[in-house]
Amino acid sequence: MPSEKLPIKVFVKCRPLLSREEQKGSRRAVKISGNKTTLDVGGKETSFVFDGSFGPDVKPNQIFRDTVEPLVEKVMEGYNLSIMAFGATGSGKSYLMTGNDDNPGIVPCFNKTLFRWIDDLQSKQKDFFVTATFLEILDEQMVDLLNPHSNEMKVRQHPQLGIFVDGLSELVIRSSDDLAKYYEQGNRARKMGASDVQAHRERSFALFTLSVQQKDVNTGKMGVNSTVVMADLAGIEGVTNYKSETDTANSFKALIDVIGVLGDPKKKGSHVPYRESKVTRLLQESLGGNAISVMFSTISPADNHCQETLITMQQSQFVKNIHNEARVNVDETVHIIDELREEIVRLRTKLSQNNNKEDVLKMEDLIRDLQIAKRQRWEEKEKLSLQYDDERKTNFANRGILEWVMDTAKKGNKEVQERMLLLQKEKDQLTQQYKEKRQNVDEMKEDLQKRITDYSKLSESGKATDGETKEKVKAIHELKERLKRESEAVKEIKQKLRDVQEKQKLEREDAGSQNQVLRGNAELRQKVEAEEHSRLEQEHKTLLDEELDRVKMEKDHDKTEKQLQVAEGKKQYDNEEALSLEMDLIDMKADKQVVTLQIQSLMQEKELLQKHLDGAYKRHQEESEIQQLQNLQTFRHYREVFEEQKVALEQRYRGLLELSIQDAVFLSTRNNELMQEIQALKQTNAELRDKLTVAGERPVSG
């Protein structure tokens with residue numbers, strides 16, 4: 001397949017000057033004009049020209065429309081695409097890539113646009129299969145963000161897959177909602193997995209990768225496939241901040257070295273050190289390889305960040321000089337599997353003649369490559385995705401972040417409550433319509449019965465004229481038709497009610513599953529319950545205050561009315577009435593004291609109960625922690641046993657493989673010996689025949 005030489009597109013995005021930076025006296029040192037970015041360093045201006053420059057007011061979704069959206073069509077044609085965010089920590093990389101609910105970033109916009117294209121092309125007899133992985137690299141240690149397992153992961157090269165991470169979970173994506181969900185969950189896992197948040201932000205690389213495969217619906221023939229890499233690179237300040245020979249320093253050094261060799265004219269022709277780090281190895285196709293690449297260089301406008309901004313601009317200038325060799329990727333899974341099988345057969349034949357250790361190791365590599373190639377078939381990916389989906393819940397739970405990663409319970413409950421409220425409202429409306437229609441149908445039935453009875457009596461009397469008879473029959477038929485239509489309407493409303501009730505059932509199950517998530521975290525559950533109790537107490541207090549205000553207003557009004565009556569002479573009290581009122585007042589004061597004491601007693605009981613509840617919660621939490629530690633120890637024990645058995649099985653497998661190879665070599669050698677003996681016997685037999693012929697005797701057949 002011919003390739004197309006394309007330069008990497010580089011765009012600059014300058015974030016706004018923050019209020020805290022202004023308060024500290026920082027000034028704006030960056031100017032954006034068209035495609036030119038000018039940096040003022042100590043009064044000296046340095047300008048850089050890129051493929052595009054975006055100022056602080058430009059939103060991420062607008063940047064996506066201007067730069068990345070036209071490239072989605074290329075992905076549909078079978079080209080690889082790489083989108084990288086490059087810059088210092090705090091310069092806006094993550095915000096540009098992810099955005100928020102109001103201003104979605106590059107990745108969410110790409111996800112929605114991708115599935116819009118897929119929906120359009122599926123109507124043209126094309127079938128698509130999309131999968132996603134999310135990898136974090138921190139200090140050269142890899143973490144599977146979608147399934148944070150503890151299994152070993154290695155960067156490998158495969159004849160079909162190219163460079164990939166063996167052991168990284170690949171999940172099947174069926175919709176843009178699935179894609180958004182997994183991306184959000186991976187980002188949550190990335191944040192929750194950090195023990196040192198600031199260091200994590202500076203040193204962490206994140207690669208969100210999509211695989212888009214196509215095939216023809218009618219023929220089932222595989223078409224093209226594309227790989228989309230969206231990389232949020234670590235902070236560029238790592239180039240200068242890390243002086244020691246740490247894994248992080250090596251990662252940054254390798255990344256800068258690769259960019260320098262590929263983009264610096266002075267280093268042209270030098271060896272490209274892709275293998276110096278995992279990051280550069282995985283970005284090999286993005287930087288100088290088979291991909292259409294776009295880099296977003298994010299910068300801060302503040303003058304106190306000039307050093308990081310200058311480094312970002314210089315490295316971005318080198319990246320702009322890099323050219324990739326992009327080509328359409330044809331799916332060759334079946335062809336690759338056939339080639340690997342032929343190579344295995346050829347090597348097996350070679351081993352039967354000469355038992356070479358290097359060939360044995362090569363045989364193992366070929367078998368592993370064949371197994372990996374088989375896993376690229378759609379049905380195999382489906383099975384593995386289901387397996388990973390079950391594993392990831394357990395792994396997130398073991399890390400104590402299941403409820404945080406999978407969903408925020410508060411947000412989920414709110415959404416479920418809103419949906420259930422709308423369904424209940426719809427149900428109430430349908431119920432009212434059903435009652436009205438049902439009443440109308442009953443009335444029409446009574447009217448119809450009455451008309452039929454009247455018609456029967458009139459017919460029996462024999463006094464009705466033909467005109468009266470026809471009129472009554474016509475009215476009866478018209479009423480029957482209306483009754484039929486109304487009955488059909490009642491049936492439709494009843495079916496709608498059943499559908500709404502079924503939806504309500506599903507929503508209640510959804511709400512129950514979200515509550516089940518809360519059960520996995522006692523602390524979160526206790527917080528939610530405390531918030532609910534506090535809300536109820538506040539509502540009761542507000543209700544009581546409103547009632548007291550109403551009673552007070554009524555009391556004041558009654559007092560004013562009585563005073564007015566007394567003043568006008570309309571109301572007079574004698575001694576007996578005054579005495580009775582005084583006695584009532586004494587009783588009310590006594591009742592007030594009793595009620596006050598009762599309220600105080602209830603408040604004390606409440607405080608005591610709250611203390612008991614807090615103590616019970618604390619004891620339960622301690623017991624849960626102990627139980628969790630015990631479960632963790634048990635899990636580790638089983639894990640160790642499993643690893644031991646795995647090692648033993650691998651050793652046994654290797655032993656059996658060596659024995660089988662030895663047997664094959666022995667049988668091949670023995671077969672050659674037997675063939676030589678047969679050949680010698682044939683030769684002897686031929687010589688005997690010749691002797692008999694010379695002696696004048698007829699050769700004996702056989």
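Glu 184 is partly exposed at 37% relative accessibility (partly exposed lies between buried, under 20% relative accessible area, and exposed, over 50%; 1.4 Å probe, protein chains only). Arg 188, with a relative accessible area of 16%, is buried. The two form a salt bridge, their closest N and O atoms being 2.4 Å apart (a side-chain nitrogen of Lys or Arg within 4 Å of a carboxyl oxygen of Asp or Glu). Both lie in helix α6 (residues 176–192), four residues apart, about one turn of the helix (helices are DSSP runs of H or I, at least four residues, and strands runs of E, at least two, numbered from the N terminus). The model is predicted: local features need pLDDT of at least 70 and side-chain atom pairs pLDDT 80 or more, while totals for chains, interfaces and linings use all residues. Residues are numbered from 1 along each chain as its sequence is written, and side-chain values use heavy atoms, without hydrogens and water.

Four residues, about one helical turn, separate the pair in α9 (residues 247–263). Asp 257 is partly exposed, with a relative accessible area of 25%.

The closest N and O atoms of Asp 40 and Arg 27 are 3.8 Å apart in a salt bridge. Asp 40 is buried at 19% relative accessibility, whereas Arg 27 is partly exposed at 39%. The network links Arg 27, Asp 40 and Asp 303.
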